[in-house]
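Here is a first walk through a protein model. Have a look at the fold before reading on.

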Amino acid sequence: MGTCPGAPEPRRGNHPRVVLPSTSPLRAGLVVVQPLRRKHCAACRRGPLPLLVLEDGVPRCLACADLGHLVFLPRGDTALTRRSREESALWAVVVRFNRRRGRYERQGLLVEEEALARAESRCLADAEARRRRRARDARRRAAQDARFAEAFATQIRLLFPGCPPDRAGAIAAHASERGSGRVGRSAAGRALSEGAVTCAVIASVRHLDTPYDRLLMDGVARHEARRRIAADVEAVLRGWREAVGTAAAAQSPITGTEAAMKPTVRTDIAG
Ligand SMILES: [Zn+2]
């Protein structure tokens, strides 16, 4: 991408016949050219040359330029390119003239084979380190999720003491599933607000303890279906709130239940 800073420009930039740099390629590092036209080595006469070096304006093959032992690394892998250069005592930039753009463009590097091997293993080690870090992150997130679901379940049991513990656990796990966009992942859910927790419980009751899903399958409009099952949902919630005569149950007055049933918008996001 872009011009090669090490590549000399043709003397007459807009002249289409000029395909090789006419100034010294050694001006800024070693430059090897992929010629557009058939060129032969001025020293050993070999050719046409796939790659050549210009010395004093005349082409030489890589062997005659003492670069024959280098291997070509095409451009594209930035990290591998940088490391190959770092590892290589001798390296050269490979350029080709782009006629349409009127400039030399970098094609890759010539580097020592062992340097390339070392660079490749460094990149592999990096990839392995990244893989291990991702695994660590995933484990940490899973632990966070488990703690959060547990706290969510505890909050459900606090608001609904009569809710069976495994049911509370299932509701909490479902609502807080990562990437689900469910209520447990919302800001209110993460803060374990009473409204959010109640939304999750209502969603579960609606689907499992009422004929809501069957009504939807039968083609009943969602709001009509919700209206028909509202009493069923309320009955289950009331039972769960009052089932155990604990302090937590006493803390949930009737108005709390009504408040939980009112916000239809909020219950929508729980479904
Ligand atoms: Zn030669």
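This is a predicted model: local features need pLDDT of at least 70, side-chain atom pairs count only at pLDDT 80 or more; totals for chains, interfaces and linings use all residues.

Residues are numbered from 1 along each chain as its sequence is written. The pLDDT is the predictor's confidence in each residue, from 0 to 100. The protein chain averages 82, and 77% of the residues score at least 70. Over residues 1–27 the pLDDT is below 50, and this stretch has 45 contacts in the model beyond near neighbours in sequence. Residues 245–271 are also below 50, with 30 contacts counted that way. A contact here means that the C-beta atoms of two residues, placed from the backbone, lie within 7 Å.

**The sheet**

Helices (H or I, at least four residues) and strands (E, at least two) are DSSP runs, numbered from the N terminus. Four strands make an open sheet with mixed pairing, in the order 1-5-6-4; strands pair if DSSP finds at least two bridges between them. Strand 1 and strand 4 sit at the edges, each pairing on one side only. On average, neighbouring strands of this sheet are turned by 40° against each other, direction ignored. Strand 4 and strand 6 run antiparallel, joined over five bridges, and L70 has E112 in strand 6 as its bridge partner.

**Helices on the sheet**

Helix 1 lies across strand 4 and strand 6, at about 55° to strand 6. Helix 2 packs on the sheet as well, touching strand 4 and strand 6, and its direction makes about 90° with that of strand 6. (Axes are lines fitted to C-alpha atoms, for helices over the stretch in contact, and angles run from 0 to 180 degrees between N-to-C directions.)

Does the span of helix 2 agree or disagree with its 47 residues? At 1.5 Å a residue it should span 69 Å, and its end C-alpha atoms are 68 Å apart, so the span agrees. That expected span is 1.5 Å times one less than the number of residues. Buried residues of helix 2 include A115, L116, F148 and F152, and among the elements covering its buried residues are helix 3 (165–175) and helix 5 (194–209).

**The cores**

A nonpolar core is a set of buried Ala, Val, Leu, Ile, Met, Phe, Trp, Tyr and Cys residues joined through C-beta atoms within 7 Å. The largest has 25 residues, and V32, A92 and V94 are among those touching the most other members. Strand 5 gives the most to this core, with five residues. Apart from it lies another core, of 24 residues, including F148 and V197.

A residue is buried if 20 or more other C-beta atoms (placed from the backbone) lie within 10 Å of its own, exposed if 12 or fewer, and partly exposed in between. T81 lies in helix 1, while L51 lies in the loop between strand 1 and strand 2.

| Residue | C-beta neighbours inside 10 Å | Class |
|---|---|---|
| T81 | 19 neighbours | partly exposed |
| L51 | 22 neighbours | buried |

Leaving aside residues up to four places away in sequence, T81 touches L73, R75 and L109. With neighbours within four places in sequence set aside, L51 is in contact with V32, Q34, L62 and V94. L51 and V94 are 43 residues apart in sequence and 8.3 Å apart in space, C-alpha to C-alpha.
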